[in-house]
Amino acid sequence: MHFELLHRDKKSQARAGKLQTDHGEIETPIFMPVGTAGTVKGVNQLEIENEINAQIILGNTYHLFLRPGTEVLEAAGGLHKFINYNRPILTDSGGYQVYSLSGSRKITEEGVKFQSHIDGSYHFFTPERAIDIQRVIGADIIMAFDECTPYPCDYQYAKRSMKMTHRWLDRCFKQMNSTKSKYGYEQALFPIVQGSVYKDLRQESAKYIADQDSLGNAIGGLSVGEPDDDLYSMTETVCEILPIEKPRYLMGVGTPTNLLECIALGIDMFDCVMPTRNARHGLLFTSEGTINIKNKKWEKDFSPIDPNGTSSVDHFYSKAYLRHLIKTKENLGIQIASIHNLAFYLALVKEARVRIIDGTFTDWKNTMVKKLGQRL
């Protein structure tokens, strides 16, 4: 894997780059649709490639481990072949899912014992096992096993957790270095900066992660309920320390505004369930603001869903028809709304890249942030 930094914005820390993997090239900044269990909810692989224009998607280690299981994935030749998707895939390590299972897991130095949300069975993840599972899944980019702390979080707990995440990272690298990729292509390990919303902890963690000299780095433990000001402050703090020449991945973020503001702080990669989750509730992101398609004002609006949209559904279907589908809970409505939202996110980061390269990013970003905050 190789990352090339191509352009830097003169008025901010925004960057445009190119990340090369064995499954293809990724132009940054980039947004990764979340394919939790081997599928991006509401859309199929052809739509991911041709309508949404995703260059990389994310898979979830915890969910894929439980279903379909590593035996099935290995027999298929890895996740790429199992789902028939030939572009890059990133897998998270399961740390966030373990965090979300706070009532049914126990964390020790060795690892995490947790209870399946499916059948109540118990399982044990260690840093080594998280790496082995991701090797079998076959992701191009593998995430280190970490603990994602909640918000709010006591300082001493955040510090102990961060130190343990660093020790777990050492074990992750040792396991990566003692094993080989399973399917004939390179797999890269990204470590994760932690430290909650405490600046000194974030600085300490960022320095520890930077010293690993990995192919790329991630920032975790944000977008867990903290105010946007804390999100931006911690992101800025970490980006000041992480190496300029390596890609930076901000995990689980966020709204379109969050993306633009964090691109301005130096982030290259994002993922979030928000586009598809909001789509299922009829909330659409557009370049002019957010639409709640369930509102009565759209009942007789036969104009296209989004005249500025980049996917075919934006121009083929009307707001009134999509409202009808969402109100009647038809699956087609969820599919259309999901394609629209994901395509919008991908178009937004693509436009950000163009603006970084042509030198107009900051002024464009400031204008877009005002528009994106509007409710239509």
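This is a short walk through some local features of the structure above, given as a talk at group meeting.

Hi everyone. Before the details, please remember that this is a predicted model, in which local features need pLDDT of at least 70 and side-chain atom pairs count only at pLDDT 80 or more, while totals for chains, interfaces and linings use all residues. Residues are numbered from 1 along each chain as its sequence is written, and side-chain values use heavy atoms, with hydrogens and water left out.

Let's start with the rings. How many aromatic pairs does the structure hold? There are twelve, where a pair means rings of Phe, Tyr or Trp (its six-membered ring) with centres within 6.5 Å; planes under 30 degrees apart are stacked, over 60 edge-to-face, and the rest tilted. Phe316 and Tyr317 are edge-to-face, because their planes stand at 80° with the ring centres 4.9 Å apart. On accessibility, buried means under 20% relative accessible area, exposed over 50%, and partly exposed in between, using a 1.4 Å probe and protein chains only. Phe316 is exposed at 67%, whereas Tyr317 is buried at 19%.

Elsewhere, ring pairs join Tyr62, Phe65, Phe114, Phe125, Phe145 and Trp168 into a cluster. Tyr122 has a charge over its face: Lys113, 4.9 Å from the ring centre. The cut-offs there are NZ of Lys or CZ of Arg within 6 Å of the ring centre and within 35 degrees of the ring normal.

Now the backbone. Most residues other than glycine have a negative phi, and most peptide bonds are trans. Which peptide bond ending at a proline is cis? The one from Arg67 to Pro68, with omega near 10°. Pro68 sits in the loop between helix H2 (61-66) and helix H3 (70-76); helices (H or I, at least four residues) and strands (E, at least two) are DSSP runs numbered from the N terminus.

The bond from Val253 to Gly254 is also cis, with omega near 5°. Gly254 lies in the loop between strand S15 (248-250) and helix H10 (256-264), and is buried at 2% relative accessibility. Leaving aside residues up to four places away in sequence, Gly254 touches Leu259, Asp271, Cys272, Met274 and Tyr345, contact meaning heavy atoms within 4.5 Å.

Gly254 also leads us to Ser223: the two are 31 residues apart along the chain, yet their C-alpha atoms are separated by 7.1 Å. Ser223 has a positive phi, near 60°, and is partly exposed at 32%. Asp213 has a positive phi too, near 55°; Asp213 is exposed at 57%, in the loop between helix H8 (199-210) and strand S14 (217-219).

Last stop, a helix pair. The axes of H7 (residues 155-177) and H8 come within 11 Å and cross at roughly 5°. Axes here are lines fitted to C-alpha atoms, for helices over the stretch in contact, with angles from 0 to 180 degrees between N-to-C directions. So H7 is roughly parallel to H8, the class for angles under 35 degrees; over 145 is roughly antiparallel, 65 to 115 roughly perpendicular, and the rest oblique. Among the residues that meet are Tyr155, Met162 and Leu169 in H7, and Leu201, Tyr208 and Ile209 in H8.
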